[in-house]
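Work through the exercises below with the model open beside you. Try each task before reading its solution.

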Amino acid sequence: EATRGTDAANSQGGPQVIDDIFGTTHQPSVCTTGGIDFGMGLGGPSSAASSAAPTFREEEIDPNEPELRKELRMKRLAKVQMRMAQALEEARERETIEAMEKAERSELAQYMGPKLDAWSKGKSDNIRALLSTLQHVLWEDSGWKEVSMMDLMNPAQVKKQYRKAMIIMHPDKVKQKGGTTEQIYVADYLFDLTNQAWSAFMSSEM
């Protein structure tokens, strides 16, 4: 007889869902995208929705829905909407920050680029000249201590100062320490140039 009751229920409109709060059964509404909606108003996966802001479809409300169940459903819906709004706001903030940083880097390239290019002439293959003049292009309070050409006569000293410079001008380290966009730009430029000069030094003297 229990089997007949189940068959009869299935014949009246599909699968039944047991309500774990009230012990009754209700019919789940089926989303047009193929997913099942359990009262949250959310459908199945959609390729269009994956690239756009999520939206809620209008759900069918049971006029005989108990007040407690309605209250729980509304609280759950409010939490989902709040999370969605927060995620959207964070995404907009990231886009704004990225756009501002891109514009700032473009401006830096215009007025810092020529200065760095002029300083770097003859230094891509001369690490001693590079290290002995770093103070002219590094930012204030970088932590770099000026060294002279006399201090760099010994290859071992060159290696020592090179390592110190790499720690100071590593772009990721500068960013982690809260460096400005200008400092990161300069560090990135110097990092590549110093590595190039180090490779030339290694080929000729090590």
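This is a predicted model: local features need pLDDT of at least 70, side-chain atom pairs count only at pLDDT 80 or more; totals for chains, interfaces and linings use all residues.

Residues are numbered from 1 along each chain as its sequence is written, and side-chain values use heavy atoms, leaving out hydrogens and water.

**Exercise 1.** Find the salt bridges in the whole structure.

Solution. 
- Apply the criterion: a side-chain nitrogen of Lys or Arg within 4 Å of a carboxyl oxygen of Asp or Glu.
- The search finds three salt bridges.
- E65 pairs with R73, with the closest N and O atoms 3.0 Å apart.
- E71 meets K75 at 3.4 Å, N to O.
- R128 bridges to E205 at 2.6 Å between the closest N and O atoms. This pair links distant parts of the chain, helix α4 and helix α7 (residues 181-205), 77 residues apart. Helices are DSSP runs (H or I, at least four residues), numbered from the N terminus.

**Exercise 2.** Classify E65, R73 and E71: buried or partly exposed?

Solution. 
- Set the cut-offs: buried is under 20% relative accessible area, exposed over 50%, partly exposed in between (1.4 Å probe, protein chains only).
- E65 has 15%, so E65 is buried.
- R73 has 7%, so R73 is buried.
- E71 has 40%, so E71 is partly exposed.

**Exercise 3.** Locate D141 and describe its backbone.

Solution. 
- D141 sits in the loop between α4 (127-131) and α5 (155-169).
- Its phi is near 65 degrees, a positive value in a residue other than glycine.
- D141 has a relative accessible area of 74%, so D141 is exposed.

Key
Helices (H or I, at least four residues) and strands (E, at least two) are DSSP runs, numbered from the N terminus.
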